[in-house]
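Biologist: Before I plan around this protein, I would like to go through its model with you. Could you show it and take my questions in turn?

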Amino acid sequence: MYHAVGDRPADGVYGLSVSPGAFRTQMEILARRDFTPLTTAALGEHWRTGRPLPPRPVLITFDDGYEGVHRHALPVLAEHGFAATVFVTTGWLRGPYDEGGALDTMLDWGQVRELADTGVEIGGHSHTHPQLDQLGGTALRAETVRCREIVTAELGAPPASFAYPYGYSTRRVRRSVRAAGFAQALAVGNALARRRQGPYALERVTVRRGTGAAEFARLVDGRAVARAFAVDRALTKGFAVVRGARRAVRGFRGPGPPDTPG
């Protein structure tokens, strides 16, 4: 999971950014190790149909829709012939739907179309990037449906995949994403994706500014993932309890069983 790619990203995204040089090195590592990048939609299709995955499959994903993905990442992906998925926050992108709040320079819709034309999958990442699990039902539906409607209108085809802002989801959120028409969705989790996680809770590993080449190689090989993110996962579990309490106080519960953080 990537976010911004740039030499001098804004302070708000610096820790979750990577430099263009680091991104190039990381893609070279994938190429040398004979990984086969897939789009998120392709992974979902393989698992739904039961067709075997290609050798050493990997997803390369970008959240939010920062301009550096087009400027810096796309040429490197094209050099290697790598598939990737960009999850866009439609209300942050430059253009007619911009509602403000973006943390750095975002893609415009012309750049999004260029990405799509090269084979990059464009997925949804909500409209205004809220914490979806803290929203009431009407606002939650609006965030997922509006995002999908805008991407469909701009690209001429509905997006198949979704990524949860901040990685936060509950059963209620996942049901809403599915009801909006998305076929699969990605969380964070900082763990390898497994089929048993289900199509709406697939986990990813975060690549940060401080992720060096050796650590990246270990992560993509599936070695020491739990140890590398032990602190992150402990904090996530603790915060899930807090978030569940907030939801209970606010009364944001949908019909059916209580929400389960995840």
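Modeller: A definition comes first: a charge sits over a ring if NZ of Lys or CZ of Arg is within 6 Å of the ring centre and within 35 degrees of the ring normal. Please also keep in mind that this is a predicted model.

Biologist: With that definition in hand, over which ring does the charged end of Arg-148 sit?

Modeller: The limit for the distance to the ring centre is 6 Å. The charged end of Arg-148 is 5.7 Å from the centre of the ring it sits over, and that ring belongs to Phe-182.

Biologist: How far from the ring centre of Phe-35 does Arg-56 lie?

Modeller: Arg-56 lies over the face of the Phe-35 ring. Its distance is to be compared with a limit of 6 Å, and the value for Arg-56 and Phe-35 is 4.1 Å.

Biologist: Are the rings of Tyr-166 and Tyr-168 stacked or edge-to-face?

Modeller: The whole structure holds 7 aromatic pairs. In the pair of Tyr-166 and Tyr-168, the ring centres are 5.7 Å apart and the planes meet at 20 degrees. Planes under 30 degrees apart count as stacked and those over 60 as edge-to-face, so the pair of Tyr-166 and Tyr-168 is stacked.

Biologist: What is the relative accessible area of Tyr-166, and how is this residue classed?

Modeller: Buried means under 20% and exposed means over 50%, with partly exposed in between. Tyr-168, at 22% relative accessibility, counts as partly exposed. Tyr-166 is also partly exposed, and its relative accessible area is 44%.

Biologist: Which residue in strand 5 stands opposite Val-88?

Modeller: Strand 4, residues 85–88, pairs with strand 5 in the parallel sense over 4 bridges. Strand 5, residues 121–124, is covered on both faces, with Glu-121 and Gly-123 buried on one side and Ile-122 and Gly-124 buried on the other. The residue opposite Val-88 is Gly-124.

Biologist: Which residue takes a positive phi just after helix 6?

Modeller: Helix 6, residues 171–179, has Arg-172, Val-173, Arg-174, Ser-176 and Val-177 buried, and what covers these buried residues includes helix 5, strand 6 and strand 7. Just after this helix, a positive phi of about 110 degrees is taken by Gly-181.

Notes
Residues numbered from 1 in each chain as written. Predicted model: local features only at pLDDT ≥ 70, side-chain atom pairs only at ≥ 80, totals over all residues. Heavy atoms only, no water. Buried < 20%, exposed > 50% of the residue type's maximum accessible area, 1.4 Å probe, protein only. Helix = DSSP H or I, 4+ residues; strand = E, 2+ residues; numbered from the N terminus. Pairing = 2+ DSSP bridges. Contact = heavy atoms within 4.5 Å. Phe/Tyr/Trp six-rings, centres within 6.5 Å; stacked < 30°, edge-to-face > 60°.
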